[in-house]
Amino acid sequence: MLAALILANLVIGAGLFLLPRRYSAWARWIALLPATASLAISIAVFAGYDQVAGGYQFEERLAWLPSIGIGWHTGIDGIAAPMVLLTGIVIFTGVLISWNVTERAREFFALLLMLVSGVFGVFSSLDLFFLFFFYEVAVLPMYLLIAVWGSTRREYAGMKLVMYLLAGSILIWVGLVAIYVAAGARSFDLLDLQAHGYDATLARVVFPLVYVGFGVLAGMWPFHTWSPDGHVAAPTAVSMLHAGVLMKLGAFGIIRVALTLLPAGARDWLWLFIILGAVNVVYGAFSALAQRDLKFVIGYSSVSHMGYVLMGLGTLTSAGLNGAVFQMFSHGIMTALFFAMVGVVYDRAHTREIAAFSGLAQRMPRWAALFLIAGLASLGLPGLSGFAAEFMVFLGTFQSYPVLGVLAVLGVAITAVYILRLAATVFFGPLPERWAGLSDASRLDVAAGAVLSLTLLVFGLFPPLLYDQIDTAVAPLLTRVLAAA
């Protein structure tokens, strides 16, 4: 099933380039097939994961270059399974939201599917060579998707994104090669490398390289500046995948490589990175408070919320680590819903300036309801998944670094200010005459928003559905890191 997730999107995406131009209108229907299949398979993988057995499941192995230890080895654990589900949900809703894309539709949906195949590959790969390969497959299409179909300094934003992420990739590759050489086992297989005990000095040197390399994609301050520009310039579905899924690849890489393979380095360096995570939270929230463009608000909000992920990872507590992964999933769904709804209003009003709007709930009640659900999840309303995720991060942070815990709570307070102010400005008040003819969200828009909203609600009301699965992987990981003290 994992191979199907990766290869179906890759093959059909590549095949779309061969579709005759006169059939371009069929591209969206063709893209919907792997997107729907991805959603169905990801749900099956998530639901089929055996929490009692734990460990890596759905494993698939195929020798490729055994002389240097590279082979196709895929599998998921309790951390990867929610990320696979997240990706399936976001690509399905992203295709629905992109139904009206007509400019070079073949190429747009082809690159979108190829990007998603890379994301599934990263979350599924247990061979570090293929993990890095799929990481690049997920990142590189972003330039074209932004530069060709984007807006608001799209070429600048696309190039800035690629340059930052390629710089991070260099650090990652240096770290992976150092790990491979130090192991002496001539294998890139994660399980083989995990069984090797690395010298503490090597771990302390390599850990920050790997952490910062992946942290660039996670939006870690001060290497975050590509992210808001990329969010704003990207078309709607790409923004959904960018903030909802791609930023999670960075945090996932930190967990899968840095924490798992270099626990001694984690014990020495995480005090610094949790401080940077706290800066993310407060800086991102204040920056979002100052923005006047809807997309910039959500872009800086994503920087702030990813700070909770980095803080949770740095606590080295069960609550903090579980909360970090829970936040990765929750933020992915919430921010995808945010960007989907911004895309809806931009398609109709052709502006994202907050000051230009007022009273839109009168003309677009369905759109306003879905946007507000995303906002309430962002500020941590109980009953939505954001509350459960952030509460666990707060708990872990107060256990390890109480002062930073106060900053984390401050971030929530600032988030509530800019979300409620945004809602009051845009939804309520008198309706300007220029917006009297706006139409509400379409059925496809509502369907995509409903899927995302229902996900926030289900895991918010029943957090053990996600927490118990995550903990099957977090518990042994935490034991490994603490044992390296």
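Predicted model: local features only at pLDDT ≥ 70, side-chain atom pairs only at ≥ 80, totals over all residues.

Modeller: Residues are numbered from 1 along each chain as its sequence is written, and side-chain values use heavy atoms, with hydrogens and water left out.

Biologist: Fine. At what angle do α11 and α13 pack?

Modeller: Helix α11 (residues 236–261) packs on helix α13 (residues 294–315) at about 20°, and their axes are 11 Å apart. Helices here are DSSP runs of H or I, at least four residues, numbered from the N terminus. Axes are lines fitted to C-alpha atoms over the stretch in contact, and angles run from 0 to 180 degrees between N-to-C directions.

Biologist: So parallel or antiparallel?

Modeller: α11 and α13 are therefore roughly parallel, a label for angles under 35 degrees, while over 145 counts as roughly antiparallel.

Biologist: Which residues of α11 and α13 meet?

Modeller: From α11, the list includes Met-247, Ile-254 and Leu-259, and from α13 it includes Met-306, Val-309 and Leu-313. Contact means heavy atoms within 4.5 Å. The contact residues divide into 10 nonpolar, 2 polar and 2 charged. Nonpolar covers Ala, Val, Leu, Ile, Met, Phe, Trp, Tyr, Cys and Pro; charged covers Asp, Glu, Lys and Arg; the others, Gly among them, are polar.

Biologist: And how do α3 and α4 cross?

Modeller: Helix α3 (residues 80–97) and helix α4 (residues 105–124) cross at roughly 170°, with axes that come within 9 Å. That makes α3 roughly antiparallel to α4. Their contact has 11 nonpolar residues, 3 polar and no charged.

Biologist: What about α17 and α18?

Modeller: The axes of α17 (residues 385–400) and α18 (residues 402–427) come within 6 Å and cross at roughly 155°, so α17 and α18 are roughly antiparallel too.

Biologist: Switching topic. How much space is in the largest pocket?

Modeller: About 490 Å³. On a 1 Å grid over the protein atoms alone, a pocket is an open set of points where a 1.4 Å probe fits, with protein on both sides within 12 Å along at least five of seven lines; lining residues have an atom within 4 Å of a point. The volume is the space filled by probe spheres set on the points, which are joined across faces, edges and corners.

Biologist: Which helix gives the most to the lining?

Modeller: α14, with 6 residues. The lining has 23 residues, and Val-101, Trp-149, Pro-235, Thr-236 and Asp-347 are the closest to the pocket centre.

Methods: Helix = DSSP H or I, 4+ residues; strand = E, 2+ residues; numbered from the N terminus. Parallel < 35°, antiparallel > 145°, perpendicular 65-115°, else oblique.
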